[in-house]
Amino acid sequence: MPEYATYLAEGERVAVRPLTLDDADEFTARARESVSLHHPWLQPPRDAAGFAAWAGRLVEEPGRAGFLVCTRTDDAAAGYVAVNNIVHGAFRCGALGYGAFAHAAGRGLMTEGLGLVVRHAFTALGLHRLEINVQPGNAASIALARRLGFRHEGFSPDFLFIDGAWRDHERFALTTEMANLGA
């Protein structure tokens with residue numbers, strides 16, 4: 001593990017650490033390798049300028065948090081998770097966005113990693129509810145949400161502007177009670 005990396009949570013095969021601006025080279029290389037996996041669902045930054053803007057918001061804005069899911073054997077980035085639209089007070093909610101990198105896809109690493117981020121969000125971040133919005137055709141992402149116990153809550157037409165058009169999304173949510181973490 002690099003000296004700057006501090007794991008927030010560790011599982012059997014992966015660990016989660018905060019995303020940093022120093023992750024640009026590895027992240028963008030992995031994103032470029034994963035274009036065919038991500039398209040048309042995701043567009044993570046594939047160059048230094050795009051990464052600096054995207055990661056800067058996750059690192060600096062209080063309503064966001066970014067994490068890398070890393071393999072424990074070599075600290076290589078297997079995927080990423082962003083908690084966006086964090087609201088505290090009576091709401092205590094956040095919206096999850098995530099993606100695996102191609103070399104790690106289909107191996108269960110993101111199931112383990114996203115589960116670690118969910119636990120971190122419910123404990124250390126103090127959230128009560130997490131939401132995931134997924135395009136209906138993104139079967140892998142929907143399956144991941146369901147594996148982690150997220151309940152389907154509805155359908156939102158024209159929900160997010162992705163890949164040049166407003167896209168419909170299925171909505172999923174999980175609360176601390178559903179995750180057996182208490183209030």
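Me: Leaving aside its neighbours within four places in sequence, what is S34 in contact with?

Reply: S34 is in contact with F101 and A102, once neighbours within four places in sequence are left aside. Contact means heavy atoms within 4.5 Å. This is a predicted model, where local features need pLDDT of at least 70 and side-chain atom pairs count only at pLDDT 80 or more, while totals for chains, interfaces and linings use all residues. Residues are numbered from 1 along each chain as its sequence is written, and side-chain values use heavy atoms, with hydrogens and water left out.

Me: Where is the place of S34?

Reply: S34 sits in the loop between helix 1 and helix 2. Helices (H or I, at least four residues) and strands (E, at least two) are DSSP runs, numbered from the N terminus.

Me: Is S34 buried or exposed?

Reply: S34 is buried, with a relative accessible area of 0%. Buried means under 20% relative accessible area, exposed means over 50%, and partly exposed is in between (1.4 Å probe, protein chains only).

Me: OK, H38 next. Which helix does H38 lie in, and what does H38 touch?

Reply: H38 lies in helix 2, residues 35-38. Not counting residues up to four places away in sequence, H38 touches P44, A100 and F101. H38 is buried too, at a relative accessible area of 4%.

Me: Back to helices. At what angle do the axes of helix 1 and helix 3 cross?

Reply: Roughly 110°, and the axes of helix 1 (residues 24-33) and helix 3 (residues 48-60) come within 10 Å. Axes are lines fitted to C-alpha atoms, for helices over the stretch in contact, and angles run from 0 to 180 degrees between N-to-C directions. Helix 1 and helix 3 are therefore roughly perpendicular to each other. For the cut-offs, angles under 35 degrees count as roughly parallel, over 145 as roughly antiparallel, 65 to 115 as roughly perpendicular and the rest as oblique.

Me: Which residues make the contact?

Reply: A24, F27 and T28 on helix 1, with A48, F51 and W54 on helix 3. By class, this contact has five nonpolar residues, one polar and no charged ones. Ala, Val, Leu, Ile, Met, Phe, Trp, Tyr, Cys and Pro count as nonpolar, Asp, Glu, Lys and Arg as charged, and the others, Gly among them, as polar.

Me: And A55, what is the place of A55?

Reply: A55 is in helix 3. A55 is buried at 0% relative accessible area. Setting aside neighbours within four places in sequence, A55 is in contact with L19 and L21.

Me: How many bridges join strand 1 to strand 2?

Reply: Two, and these strands run antiparallel. A hairpin links strand 1 to strand 2 through three residues. The bridge partner of A9 in strand 2 is V16. Strand 2 (residues 14-18) also runs antiparallel to strand 3 (residues 65-71), with five bridges, and there V16 has V69 as its partner.

Me: What is V14 in contact with, leaving aside its neighbours within four places in sequence?

Reply: V14 is in contact with V69, C70, T71, R72, L109, E112, G113 and L116. V14 and L116 are 102 residues apart in sequence, but 9.0 Å apart in space, C-alpha to C-alpha. V14 lies in strand 2 and counts as buried at 0% relative accessibility. Four of the five residues of strand 2 are buried.

Me: Last one, strand 5. How many of its eight residues are buried?

Reply: Seven, so to speak mostly covered, for strand 5 (residues 93-100). Strand 5 pairs with strand 4 (residues 77-87) in the antiparallel sense over seven bridges, and with strand 6 (residues 129-134) in the parallel sense over four bridges. G79 has A100 as its bridge partner in strand 5, while G94 stands opposite L130 in strand 6. The hairpin of strand 4 and strand 5 has five residues between the strands, and G89 takes a positive phi near 70° there.

Key. Two strands pair if DSSP finds at least two bridges between them.
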